[in-house]
Amino acid sequence: MPDLGRGQSRITIVSMKVALGVSGGIAAYKAAELVRLLQDHGVRVQVIMTRAAQEFVRPLTFAALSGEKVITDLFGEGAQEPNIESAVEHIAVAQTIDALVVAPATADIIAKFANGLAGDFLSTLFVATTAPVVVAPAMNVNMWENTATQENIQKLRARGVHVVEPDSGYLACGMVGAGRLAANETIVKAVLEALGAVQDLTGETVLITAGPTREPIDPVRYIGNRSSGKMGFALAEAALRRGAKVVLVSGPTALKPPSAAEVIQVQTAREMRDAVFANLERATVVIKAAAVADFTVKNCSDTKIKRSGALQLELEPTPDILKEVAAHKGHRIVVGFAAETHDTLENARKKLQSKSLDAIVLNDVSQPGIGFDSERNAVTILTATESIEVPEMSKWEVAHRVLDVIVKSRAQRGVSAR
Ligand code: PMT
């Protein structure tokens, strides 16, 4: 039984339907248990097998477990003459499922998804559905690390597909490395999160700051930083899925905010501070993922500064929003982020203590491929009593790990959101 780590081992969500795509890898047999685990949560499972998957496991196994006909072909298995029902079945399935999960996902199906190919039932379903998609890759380590596979995975992530990272260890091919299908419990958890079935933030109003701030030098120039807002937006999306109301105070980003969030757009640190305090009263949780400029220009020019020799700017500190919020903490759970390049743990712990936070999310931004403007992140979540290592994964998944800590803090305090 998946331990969801929130004091509940089973969530029953009757009437949800998930399409489970099984593609052709040795790990296909593990998908049989996945059917059972999803059913344990009240989820109906429609299995779709690629041709290659059928070389590893017979469709009968999945039909017996799921109690549903297994879809094996775009135009109806073994049909002499394709009929209209089977020709449009992918559309019917696409419209009736609440999520699509593919486990194991081979390099081939990942490449098809990433490139919009739709030559078999599973890839056609992927193109046709608007339901959330969870992909759990499994393959040889070299295939997983191959540039084409990694680029395809990045494309899928960027389009909102939830990728459940493969585990490392001994692989069926005899090699050692990343590529083993993640544990079924991990995949089930990702599916439940994608379904919005984990509603452990109901009753909370989560105030999240995201993105950079821009401190003007003159009407055309500013001091800024590399924050894209992706981490903060992922937190907003994940908190909404888990039942929270979300107020998202965002600096300038190129991202489309989640439609269910209340969004307040700001430019400067001062504007961010004012927006946060205008909404603090109703917030029960505050998460400060924004990369707020620490300094603003004191002598900002009203007109464009002309190029004439060296330019001297006088900088003054911006308000420390997080510190101010923590000073008015009350019943709220307050979580900060710490972007560090050296003495990372020491610096983060200092911020945790000096700002009286419930938790701080340490981002070692000197590491390549994570942190600023990346799809992925790896963090350490520090609380007064714990240090939780979150290895490199999508920002969506990191967001859920941060929310897990908030849910735990709420439970430990033993008081409701209000
Ligand atoms: O936006 P992305 O591209 O997805 O990148 C994510 C991220 C790297 C920006 C994010 O994960 C992150 O680390 N955010 C915090 C960046 C930061 O400003 O760290 P800091 O160590 O300088 O600040 C510590 C905390 O104080 C932060 O919670 C910050 O929001 C807050 N702060 C800082 C300065 C200030 N004047 N007021 C504040 O509230």
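## Strands and pairing

Two strands pair if DSSP finds at least two bridges between them. Strands (E, at least two residues) and helices (H or I, at least four) are DSSP runs, numbered from the N terminus. Strands of a sheet pair through backbone hydrogen bonds, either parallel or antiparallel.

This is a predicted model: local features need pLDDT of at least 70, side-chain atom pairs count only at pLDDT 80 or more, and totals for chains, interfaces and linings use all residues. Residues are numbered from 1 along each chain as its sequence is written, and side-chain values use heavy atoms, with hydrogens and water left out.

## Strand β17 and its partners

Start with β17, residues 359-364. On one side, β16 (residues 333-340) runs parallel to β17, and six bridges join them. Ala338 has Leu362 in β17 as its bridge partner.

Ile360 has Leu382 in β18 as its bridge partner.

## Is β17 buried or exposed?

Six of the six residues in β17 are buried. Buried means under 20% relative accessible area, exposed over 50%, and partly exposed in between (1.4 Å probe, protein chains only). Both faces are covered. Ala359, Val361 and Asn363 lie on one side. Ile360, Leu362 and Asp364 lie on the other.

## The whole sheet

Eight strands form an open sheet with mixed pairing, in the order β12-β11-β8-β13-β16-β17-β18-β19. The edge strands, β12 (262-265) and β19 (387-394), each pair on one side only. From one strand to the next, the twist averages 15 degrees.

Helix α14 packs on this sheet and touches β16, β17, β18 and β19. Its direction makes about 155 degrees with that of β17. Axes are lines fitted to C-alpha atoms, for helices over the stretch in contact, and angles run from 0 to 180 degrees between N-to-C directions. Contact means heavy atoms within 4.5 Å.

## Two domains

The protein chain is divided into domain 1 (16-194) and domain 2 (205-413). These bounds come from an automatic or database domain assignment. The C-alpha centres of the two domains lie 35 Å apart. Ten residues from domain 1 and twelve from domain 2 make the contact.

Together the domains bury about 880 Å², 43% of it on carbon and sulfur atoms. Buried area is the accessible area (1.4 Å probe) that two parts lose on being put together, summed over both. Arg157, His162 and Glu193 supply 52% of the area that domain 1 buries against domain 2.
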